Amino acid sequence: QVQLRESGGGLVQAGGSLRLSCTASGRPLSGCTVAWFRQAPGKEREFVAANVWSGGSTDYGSTDYADSVKGRFTISRHNAKNTMYLQMNSLKPEDTAVYYCAAEETLVPGGPRSLNYDYWGQGTQVTVSS
């Protein structure tokens with residue numbers, strides 16, 4: 001079992017930045033593919049970014065981003081702290097959503113953009129004002 005807890009959400013003006021953190025307990029994230037998703041009111045949960053399991057030997061693995069955030073958001077992890085991050089720059093009002101971190105041991109069935117993660121955080125609200 002992996003328990004995930006997000007932090008770092010809040011209210012920011014358009015063009016600003018936020019960094020979300022997601023700390024895991026129960027099992028090491030080094031053995032997981034990790035990702036961020038978001039869900040805006042009335043919309044389905046959508047993929048934001050993923051860092052794919054690299055065998056657990058380093059903090060680095062291949063990354064994948066939704067086109068809507070590419071070049072503005074950066075996903076990273078710190079295995080020793082058992083924490084993953086989402087650095088969000090140049091925020092836009094359309095980035096407003098509840099953001100969820102997710103983890104799946106080794107690889108995700110269906111690929112890292114799918115919703116097939118076993119472990120999810122409770123979500124943190126990000127609101128970008130225009």
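This is a short walk through the side-chain contacts that link parts of one chain. A word of caution at the start: the model is predicted.

Let's begin with the core. The largest nonpolar core holds 36 residues. Which residues have the most contacts inside it? They are L4, W36, L86, M88 and Y99. Strands 3, 4, 5, 7, 8, 9 and 11 each give two or more residues to it. If you want to find them on the screen, strand 3 is 18-25, strand 7 is 73-78, strand 8 is 83-88 and strand 11 is 124-129.

Keep C22 and C101 in mind.

Now the cysteines. How many disulfides does a search of the whole structure find? One. The disulfide is formed by C22 and C101, with sulfur atoms 2.1 Å apart. C22 sits in strand 3 and C101 in strand 9, so the bond ties together parts that are 79 residues apart in sequence. The link is right-handed, with 60° about the S-S bond. Both C22 and C101 are buried.

There is also C32. C32 counts as buried, at 1% relative accessibility.

Next, the aromatic rings. The whole structure has four aromatic pairs. I'll show two. The pair of F37 and F47 is edge-to-face, 5.8 Å centre to centre, with 75° between the planes. F37 is in strand 4, residues 32-39, and F47 is in strand 5, residues 46-51. That puts the two 10 residues apart, and the pair links distant parts of the chain.

F37 has another partner. F37 and Y117 are edge-to-face too, 5.5 Å centre to centre and 75° between the planes. Here the link spans 80 residues, from F37 in strand 4 to Y117 in the loop between strand 9 and strand 10. Y117 is buried, with a relative accessible area of 5%.

W120 brings us to a charge. The charged end of R45 sits over the ring of W120, 4.9 Å from its centre. R45 also lies over the face of Y100, at 3.7 Å from the ring centre.

Last topic: salt bridges. How many are there? The count comes to six. D95 and R38 form one of them, with the closest N and O atoms 2.9 Å apart. D95 is in the loop between strand 8 and strand 9, and R38 is in strand 4, so this pair ties together parts 57 residues apart in sequence. Buried or exposed? D95 counts as buried, at 1% relative accessibility. R38 is buried, with a relative accessible area of 6%.

Move on to R113. R113 bridges to D64, and the closest N and O atoms are 2.7 Å apart. R113 lies in the loop between strand 9 and strand 10, while D64 lies in strand 6, residues 63-65, so the bridge ties together parts 49 residues apart in sequence. R113 is partly exposed, with a relative accessible area of 43%.

K70 and D67 form another salt bridge, with the closest N and O atoms 3.4 Å apart. D67 is exposed, with a relative accessible area of 64%. Finally, salt bridges that share partners join R38, E46, R72 and D95 into one network.

To recap. Look for the core of 36 residues. Look for the disulfide of C22 and C101.

Conventions
Residues are numbered from 1 along each chain as its sequence is written. This is a predicted model: local features need pLDDT of at least 70, side-chain atom pairs count only at pLDDT 80 or more; totals for chains, interfaces and linings use all residues. Side-chain values use heavy atoms; hydrogens and water are left out. Rings of Phe, Tyr and Trp (its six-membered ring) pair if their centres lie within 6.5 Å; planes under 30 degrees apart count as stacked, over 60 as edge-to-face and the rest as tilted. Helices (H or I, at least four residues) and strands (E, at least two) are DSSP runs, numbered from the N terminus. Buried means under 20% relative accessible area, exposed over 50%, partly exposed in between (1.4 Å probe, protein chains only). A charge sits over a ring if NZ of Lys or CZ of Arg is within 6 Å of the ring centre and within 35 degrees of the ring normal. A nonpolar core is a set of buried Ala, Val, Leu, Ile, Met, Phe, Trp, Tyr and Cys residues joined through side-chain atoms within 4.5 Å. A salt bridge is a side-chain nitrogen of Lys or Arg within 4 Å of a carboxyl oxygen of Asp or Glu. A disulfide is a pair of cysteine sulfur atoms within 2.5 Å.
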